[in-house]
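Here is a short briefing to read with the model open beside you. Take your time, and find each residue as it comes up.

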Amino acid sequence: MKKLFFTAILLGTIFYSNAQETTFGAKAGVDIATVKVKIGGTTATASETGYFAGGFANIGVSESFSVQPELLFVAITDFNFLSVPILGKYSVSEKFGVLAGPSLNYYLDATEDQFKLNLDFGATYEISEDFGINAKYSMGMGDVSISGIFIGTEYKF
């Protein structure tokens with residue numbers, strides 16, 4: 001009986017999630033980053049400007065909420081890394097949405113502490129059905145952190 005109940009719940013979830021829309025796209029833009037290093041009681045910071053490019057999927061959960069995983073290559077003067085944000089997106093209106101969630105970053109040039117976790121939050125605005133603009137702040141954590149403001153465009157296929 002438990003197996004039958006579990007199977008019914010699983011199938012219902014699959015059919016419900018398939019009823020929601022999933023879209024894919026590409027995004028690119030500028031990253032205005034702040035690198036912060038804390039050693040003992042001293043903190044050093046530096047600002048750098050770079051770019052990001054990558055892809056995303058927007059997986060509809062309900063009419064106004066979706067999950068948006070992304071894979072981004074981020075290049076800053078002294079740091080190159082892959083960023084994998086898993087963002088919750090709430091549609092405030094037909095064209096405007098807010099984003100929030102964690103991002104896992106893998107630093108390609110680092111010899112230690114290659115994986116870092118950031119917290120991201122931002123907004124999107126859909127100019128048309130295919131094109132949009134987005135901005136988010138990615139807050140770095142830890143003794144060595146990179147925080148940044150990402151401003152870019154996106155194209156949905």
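Aspartate 31 stands opposite phenylalanine 150 in E8. That pair belongs to the antiparallel pairing of E1 and E8, which extends over 13 bridges. Strands pair here if DSSP finds at least two bridges between them. Helices (H or I, at least four residues) and strands (E, at least two) are DSSP runs, numbered from the N terminus.

This is a predicted model, in which local features need pLDDT of at least 70, side-chain atom pairs count only at pLDDT 80 or more, and totals for chains, interfaces and linings use all residues. Residues are numbered from 1 along each chain as its sequence is written, and side-chain values use heavy atoms, with hydrogens and water left out.

**The overall fold**

- The chain has 1 helix and 8 strands, and along the sequence they follow the pattern α-β-β-β-β-β-β-β-β.
- A closed barrel of 8 strands runs E1-E2-E3-E4-E5-E6-E7-E8, with antiparallel pairing.
- From one strand to the next, the twist averages 25°; axes are lines fitted to C-alpha atoms, for helices over the stretch in contact, and angles run from 0 to 180 degrees between N-to-C directions.
- Of the 157 residues in the chain, 32% are buried. Buried means under 20% relative accessible area, exposed means over 50%, and partly exposed is in between (1.4 Å probe, protein chains only).
- Among the contacts in the chain with a separation of 6 or more, 44% come from residues 24 or more positions apart. A contact means heavy atoms within 4.5 Å.

**More strand partners**

- E2 and E3 also pair in the antiparallel sense, over 8 bridges, and phenylalanine 52 stands opposite valine 74 in E3.
- Strand E7 (residues 131-140) is joined to E8 by 8 bridges, and the two run antiparallel.
- Phenylalanine 131 has tyrosine 155 in E8 as its bridge partner.
- The hairpin of E7 and E8 has 3 residues between the strands, and glycine 142 takes a positive phi near 110° there.
- Here is a handy rule for looking at strands: in a regular strand the side chains alternate between the two faces of the sheet.

- Threonine 124 lies in strand E6. Is threonine 124 buried or exposed? Threonine 124 counts as buried because its relative accessible area is 4%.
- Asparagine 118 and serine 138 are 20 residues apart in sequence, and their C-alpha atoms are 6.1 Å apart in space.
- Lysine 95 sits in the loop between E4 and E5. Lysine 95 counts as partly exposed because its relative accessibility is 34%.
- Between lysine 95 and serine 128, 33 residues apart along the chain, the C-alpha atoms are separated by 8.4 Å.
- Beyond residues up to four places away in sequence, lysine 95 touches Thr124, Tyr125, Glu126 and Ile127.

**Pockets**

- How is empty space found? Rolling a probe the size of a water molecule over the atoms shows where empty space is left.
- On a 1 Å grid over the protein atoms alone, a cavity is a set of points where a 1.4 Å probe fits but cannot get out, while a pocket is an open set with protein on both sides within 12 Å along at least five of seven lines; lining residues have an atom within 4 Å of a point.
- Grid points are joined across faces, edges and corners, and a volume is the space filled by probe spheres set on the points.
- The largest pocket holds about 640 Å³ of space.
- A lining of 25 residues surrounds the largest pocket, and Glu21, Ser91, Glu94, Glu126 and Lys156 lie nearest its centre.
- The lining of the largest pocket divides into 3 nonpolar, 13 polar and 9 charged residues. Ala, Val, Leu, Ile, Met, Phe, Trp, Tyr, Cys and Pro count as nonpolar, Asp, Glu, Lys and Arg as charged, and the others, Gly among them, as polar.
- The second largest pocket has about 170 Å³ of space, and its lining divides into 5 nonpolar, 1 polar and 3 charged residues.
- Strand E8 (residues 144-156) gives the most to the lining of the second largest pocket, with 3 residues.
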